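Q: Could we zoom in on one part of this structure and go through it slowly? I'd like to see how it links up with the rest.

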2 protein chains.
Amino acid sequence: MRFKDLDPILHQQLRLQIISLLAGTEKAEFNFLLEETGASKGNLSIQIKKLQEVEYIEVVKGYRNNYPLTECSLTPKGRMAFEIYVDSIENYFRAVNKDSGKKKS
Amino acid sequence: MRFKDLDPILHQQLRLQIISLLAGTEKAEFNFLLEETGASKGNLSIQIKKLQEVEYIEVVKGYRNNYPLTECSLTPKGRMAFEIYVDSIENYFRAVNKDSGKKKS
DNA sequence: TCAATTTGGTTTATATTGTAAACTAGTTTA
DNA sequence: TAAACTAGTTTACAATATAAACCAAATTGA
C-alpha cells in the first residue's frame, strides 16, 4: 500500500476551490467565493459550514450597508491541511514510473 | 469562475490510485492493485468496473494456474483524462497568490 | 473423499455525501 | 405596499462509496 489517504474534507471540488482561494487571499466574502467558484449558494453555504466545523476556516458574520455579510479566512490548521493534501495528491501522480514492471507472479 | 471541473471519475481516491498505478506500468493484475492500494476487494472490483465502463482502462479476464486472473491496462482515453485531471487540479493549487486582495466592494 | 480452506473475485445493502430547489429574513425600489 | 432583490440557510432527494456477505472453482488435509 503506497498511497496515503487524501483528507476527505479537502478531496471535494468545491471545498478545495474555497481553500485554494483562501490560501491566496487574506479573507474572502461569500459573494466573492460564489463568483470565483461558480457554485450555487446552497452548496457554497453548506461547504463553508463544513470547513468551519473542522476549523479549516474562520467565518465572521456581520453587516455592510444593512445587508448580511459573511467573511471567511483560512486558519493555520486549514493551511496545514491544504499543504498536506497538495503533497499527498502529487505523490499519487508520481506513482507513475516508480515501479516499471508488472507484479512478479 | 476560475476553476475547471475535475473529472468526477478520477476525482475519487481509489480510482485515482488505480489510474496512477496503471499510468506507470504496462498492465496490472487485480491482486497487484489490491496490495498497492490497500483497498478491499469489493471496492476494487467496483471501481475497476467503473473505469472500464467509461473506457479509461481495458480489462482482460483470463486464467493462470486454473485461477481467474484479471489484468488491467490504461487506454489512450484514460491516459488523456489522467493528464487533464493532473493539470486541472494543479491549477487549483495555483489559485494561491494569483489574486492578492479581497474582492473590491 | 469429503469437509474445510484458499483464491479471485462479484453482488448487495447501508451509510455517507453532494447538490438543486425551496425557503427565510430582511432591504430596496417604484 | 407590492414586487423584486440581497444574502444567505434548510430540506429533500439522488448519487456515491464501501464494508460485508456471497459465490464458484481449486486445493489441502484427515
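A: Let's start at DNA strand D: among the 23 residues around it, those that come nearest are Phe30(A), Gly42(A), Ser45(A), Thr70(A) and Gly42(B). (Near a molecule or strand means that a residue's C-beta atom, placed from the backbone, lies within 6 Å of it.) Before going on, note that this is a predicted model, where local features need pLDDT of at least 70 and side-chain atom pairs count only at pLDDT 80 or more, while totals for chains, interfaces and linings use all residues. As for the labels, residues are numbered from 1 along each chain as its sequence is written, and chains are lettered from A and ligands numbered from 1 in the order in which they are written.

Which elements bring residues to strand D? Those giving two or more are H2, H3 and strand S3 (67-74) of chain A, plus helix H1 (13-23) and helix H3 (41-53) of chain B. (Helices, H or I with at least four residues, and strands, E with at least two, are DSSP runs numbered from the N terminus.) Sorted by class, this surface has nine nonpolar, eleven polar and three charged residues. (Ala, Val, Leu, Ile, Met, Phe, Trp, Tyr, Cys and Pro count as nonpolar, Asp, Glu, Lys and Arg as charged, and the others, Gly among them, as polar.)

Now look at DNA strand C, which has 22 residues around it; Gly42(A), Phe30(B), Gly42(B), Ser45(B) and Thr70(B) come nearest. Here two or more residues come from each of H3 of chain A and helix H2 (30-37), H3 and strand S3 (67-74) of chain B.

H3(A) turned up at both strands, so let's see what it packs on.

Helix H1 (residues 13-23) of chain A packs against helix H3 (residues 41-53) of chain A at about 70 degrees, with the axes 10 Å apart. (Axes are lines fitted to C-alpha atoms, for helices over the stretch in contact, and angles run from 0 to 180 degrees between N-to-C directions.) H1(A) and H3(A) are therefore roughly perpendicular to each other. (Under 35 degrees counts as roughly parallel, over 145 as roughly antiparallel, 65 to 115 as roughly perpendicular and the rest as oblique.) From H1(A), the contact uses Leu14(A), Arg15(A) and Ile18(A), and from H3(A) it uses Asn43(A), Leu44(A), Gln47(A), Ile48(A), Lys50(A) and Leu51(A). (Contact means C-beta atoms, placed from the backbone, within 7 Å.) By class, that's five nonpolar, two polar and two charged residues.

Stepping back, chain A has four helices and three strands, running α-β-α-α-β-β-α from the N terminus on. Its C-alpha atoms fill a box of roughly 70 × 25 × 20 Å along the principal axes.

How values were computed
Two residues are in contact if their C-beta atoms, placed from the backbone, lie within 7 Å.
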